[in-house]
Amino acid sequence: MSSMDILFNKVPLQLVVNVELANILGLNECIVLQQVHYWLEKNKKEGRNFKDGFIWIYNTYADWQEQFPFWSDSTIKRIFSKLEDMSLLVSASYNNTKWYRIDYDMLNNLVTA
C-alpha cells in the first residue's frame, strides 16, 4: 500500500471526527461515542439487542481494542469510564455481560448548552 492509498484526498478530520463534539468531549471520547453510535444504529436496523426499551451494544474491552488497536486496554477503560461519568454512556448488566447505550438526551443537553 502506498502513501497515496492510505491518505484521504478530502478534508479528513471532518470525515472521521465531529470537530465540534471533540471540542466538547475530548477527541478520544468523541471517537468512542461515534463508534458506539454506529453499532447502536446497526443493531437498530437489524432489530437486535432491544432491552428495557433501548437498543444496546456489548463488547469486552478486548473486543473494543480490536476496533481501537491504537489505544491500550487501560486507555479504552479510561475513555469508557469518563463517558459513563459524564452520563453519556449508560451501562447495564444482562446475563453477566456489560452492555452500553448512549443517553442521547444527555448528549443533546451537553451539545446545546
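A residue is called exposed when its relative accessible area is over 50%, and buried when that area is under 20%. The model shown in these views is predicted.

**View 1. Helix H6 and its two sides.** On one side of H6, Arg78 and Asp85 are exposed. The buried residues of this helix are Thr75, Ile76, Ile79, Phe80 and Leu83. Seen down the axis of H6, these buried residues fall within an arc of 130°, so they line one face of the helix. Among the elements that cover them are helix H4 (27–46), helix H5 (61–67), strand E4 (89–94) and strand E5 (97–102).

**View 2. The length of H6 and the residue that follows.** Helix H6 takes in residues 73–85, 13 residues in total. The expected span is 1.5 Å times one less than the number of residues. Just after the helix, Ser87 has a positive phi of about 65°.

**View 3. The open sheet.** Three strands make up an open sheet with antiparallel pairing, in the order E3-E5-E4. Strand E3 (57–58) and E4 are the edge strands, each pairing on one side only. E4 and E5 run antiparallel and are joined by six bridges. Leu89 stands opposite Ile102 of E5.

**View 4. Helices lying across the sheet.** H4 lies across E3, E4 and E5, and runs at about 95° to E5. H6 lies across E4 and E5, at about 105° to E4.

**View 5. The largest nonpolar core.** This core has 23 residues, and those with the most contacts inside it are Val32, Leu33, Val36, Trp64, Phe80, Leu83 and Leu89. At least two core residues come from each of helix H3 (19–25), H4, H6 and E5. H4 gives the most, with five residues.

**View 6. The surroundings of Leu89.** Neighbours within four places in sequence are left aside in this view. Leu89 is in contact with Leu33, Val36, Phe80, Leu83, Glu84, Tyr100, Arg101 and Ile102. Of these, Phe80 and Leu83 are among the buried residues of H6, and Ile102 is the residue of E5 that stands opposite Leu89. Leu33, Val36, Phe80 and Leu83 are listed, like Leu89, among the residues with the most contacts inside the largest nonpolar core.

Conventions. Residues are numbered from 1 along each chain as its sequence is written. This is a predicted model: local features need pLDDT of at least 70, side-chain atom pairs count only at pLDDT 80 or more; totals for chains, interfaces and linings use all residues. Side-chain values use heavy atoms; hydrogens and water are left out. Helices (H or I, at least four residues) and strands (E, at least two) are DSSP runs, numbered from the N terminus. Buried means under 20% relative accessible area, exposed over 50%, partly exposed in between (1.4 Å probe, protein chains only). The arc is that of the directions from the helix axis to the C-beta atoms. Contact means heavy atoms within 4.5 Å. Two strands pair if DSSP finds at least two bridges between them. Axes are lines fitted to C-alpha atoms, for helices over the stretch in contact, and angles run from 0 to 180 degrees between N-to-C directions. A nonpolar core is a set of buried Ala, Val, Leu, Ile, Met, Phe, Trp, Tyr and Cys residues joined through side-chain atoms within 4.5 Å.
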